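Trainee: I would like to go through this structure with you, one local feature at a time. May I start with the loops and then move on to backbone geometry and aromatic rings?

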Amino acid sequence: VSDGYLNSTERSHTSSLVSTVDGSSSTVTQTNYGVFLTSGSCGSGVTFGSSAPASNHAGLSPDGTYKVCARVGDAVSQYGYCESSGFVVNTQTMTFTSMDLAGVVSDGYMNISDHAATSAIASNLVGSHYDTARYALIDGSSSCNVSVTFGSSIPTADDSGITVDGGTYKVCVELSDVAGNPKVYGSTSTFTYDSSAPVFTSLALANAASDGYINLAEHSLTTDLGGPLVGSGYSQSSYSLVSSTTTCGLPLTWSSSIPKADSTVLASDGTYKICVRLTDVAGNITYNGSPNIEFDGTVPVFTSIALANGASDGYINASESSASTDVVSGLTGSGYDQARYVISSSASVCSSQSGYSTSTPQGTGFSSLNGSYKICVELSDTAGNTVYGSSTTFSVKTAVPSFSSLSLSAVASDGYVSISENGLTSSLVGTLTGASYDAAAYSLAAQGVTCDGALTYGSAPQANDAGITSNGSYYKVCVKL
């Protein structure tokens, strides 16, 4: 007990608790010893024995603070008393119950950025009957025992012993008391050190954005803008749709879902991208992004296109249908990158037509057509926004008029115009038979004259026509269809 304590191990020893008693040896004939709690006193209340008490003395129970009482006597039973200094009997067994991982490793992991922190990685030590706790960081598979080198401070996240990527570690605890009872050892649960950040390989643009553009019509779709995500070493992926000039990192608004084509972030025309955040179980983070997406919500404007060349008068005839000249020109519009055309019937809806081409229709495109037509125009931009317009309608008549017959009216039905009939205003023309014509014009000509374009044509001649001048001469009525 020279250190002032008697622990559980020492309690079984048989060595004496005291050495000598100071007194007048010439008069002392007997010396007796006993032990007492310091709450009592050295005197008649002590049970004395002839031998100095040993560490295993039965009176040293329960634990507490004791002294050795010495009684000296002379031949006539006169006594004197003296006492030792106090010493503490402590035979209680220390217990370790638990200690929690704390700070950056409270989740059981330490990532590369956590390793730079200076905060303690354990806390909330629970135990009993100890006076001092010491700590050490060791490999997770090792044992906590006396062979470990302990220190007074709880290890911190930046401990130089944390080196192995994927390795496990724990904090060992050594509990001791001032009495020197056997030390007790325990540890926290293990944590894993992960210094490898997730690897981002790619996030391809998908669906409506696969061409790198989102137009106004596509902006109403609910399909993903990207996918699939290619990467490794991550347990969670998050996404954020941002302007292409934004740095992918914090702070951004993140979602576990890939942004959709109808995202409200696409509020104005511009260039965007999908930021990707990959996180592993340790909290290591990698940021990257998709290729750029061009959002164009502005539809091209069609103003007009004029009929040209053979169609400029609103008609295409047989001759004009063989001409290799454009039938429209002067396209006026804005906001488009490409114009395409198709010949359509006048009653058709241009947006429903197919067969559009970048070539401007020419007269030769009507060589086998007849009827009312228009030229539909499709204006589109690179994003795929599309608007439709058309020329004014025009008539196509490629079937040449044919003449079958022209009968004379009653006044000339007998093949003669008499002197009296020559004064009448009756038409000489009877029934005209022909096909594929819209109008007929007439010319009175002498019998031997050829009916061709050299003649002057007009309304049907009458019996009193001024051209009937020569008595006995033969005449005919020419017709132009």
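Trainee: Where is the place of Thr188?

Mentor: Please keep in mind that this is a predicted model. Thr188 sits in the loop that runs between strand E11 (184-187) and strand E12 (191-194).

Trainee: Is Thr188 buried or exposed?

Mentor: Thr188 is buried, since its relative accessible area is 4%, and the cut-off for that class is under 20%.

Trainee: What does Thr188 touch, not counting residues up to four places away in sequence?

Mentor: With those residues set aside, Thr188 touches Met99, Asp100, Leu101, Ala122, Lys170 and Val171.

Trainee: Moving on to Ser391, which loop is it in?

Mentor: Ser391 belongs to the loop between strand E25 (386-390) and strand E26 (394-397). Ser391 is buried as well, at a relative accessible area of 6%.

Trainee: And which residues is Ser391 in contact with, leaving aside neighbours within four places in sequence?

Mentor: Those contacts are with Ile305, Leu307, Val328, Lys374 and Ile375.

Trainee: Let us turn to the backbone. What is the peptide bond from Ser61 to Pro62, cis or trans?

Mentor: That bond is cis, and its omega is near 5°. Pro62 is located in the loop between strand E2 (30-37) and strand E3 (64-73). The bond from Gly227 to Pro228 is also cis, with omega near 0°, and Pro228 is part of strand E15 (residues 226-232).

Trainee: What about phi of Asn124?

Mentor: Asn124 has a positive phi, near 60°, and Asn124 is not a glycine. Its position is in strand E8 (residues 122-128). With a relative accessibility of 51%, Asn124 counts as exposed, because the cut-off for that class is over 50%.

Trainee: And Ser436, what is its phi?

Mentor: Ser436 is not a glycine either, and its phi is positive at about 60°. Ser436 occurs in the loop between strand E28 (429-435) and strand E29 (441-446). Its relative accessibility is 45%, so Ser436 counts as partly exposed.

Trainee: Now the rings. How many aromatic pairs does a search of the whole structure find?

Mentor: The search finds 7 aromatic pairs. One of them joins Phe48 and Tyr81, whose ring centres are 6.1 Å apart and whose planes meet at 40°, so this pair is tilted.

Trainee: Why does that pair tie together parts that are 33 residues apart in sequence?

Mentor: It does so because Phe48 lies in the loop between E2 and E3, whereas Tyr81 lies in strand E4 (residues 79-83). Tyr81 counts as partly exposed, at 39% relative accessibility.

Trainee: How is the pair of Phe366 and Phe394 arranged, and where do the two residues lie?

Mentor: That pair is edge-to-face, at 5.4 Å centre to centre and 75° between the planes. Phe366 is in the loop between strand E23 (338-345) and strand E24 (370-380) and Phe394 is in strand E26, so the pair links parts that are 28 residues apart in sequence. Phe366 is buried at 0% relative accessibility, and Phe394 is buried at 2%.

Trainee: Which residues form one aromatic cluster with Phe366?

Mentor: Phe366 forms one aromatic cluster with Tyr373 and Phe394.

Trainee: Lastly, where does Arg71 lie relative to Phe48 and Tyr79?

Mentor: Arg71 lies over the face of Phe48, at 4.7 Å from the ring centre. Arg71 also lies over the face of Tyr79, at 4.5 Å from that ring centre.

Notes
Residues numbered from 1 in each chain as written. Predicted model: local features only at pLDDT ≥ 70, side-chain atom pairs only at ≥ 80, totals over all residues. Heavy atoms only, no water. Helix = DSSP H or I, 4+ residues; strand = E, 2+ residues; numbered from the N terminus. Buried < 20%, exposed > 50% of the residue type's maximum accessible area, 1.4 Å probe, protein only. Contact = heavy atoms within 4.5 Å. Phe/Tyr/Trp six-rings, centres within 6.5 Å; stacked < 30°, edge-to-face > 60°. Lys NZ or Arg CZ within 6 Å of the ring centre and 35° of its normal.
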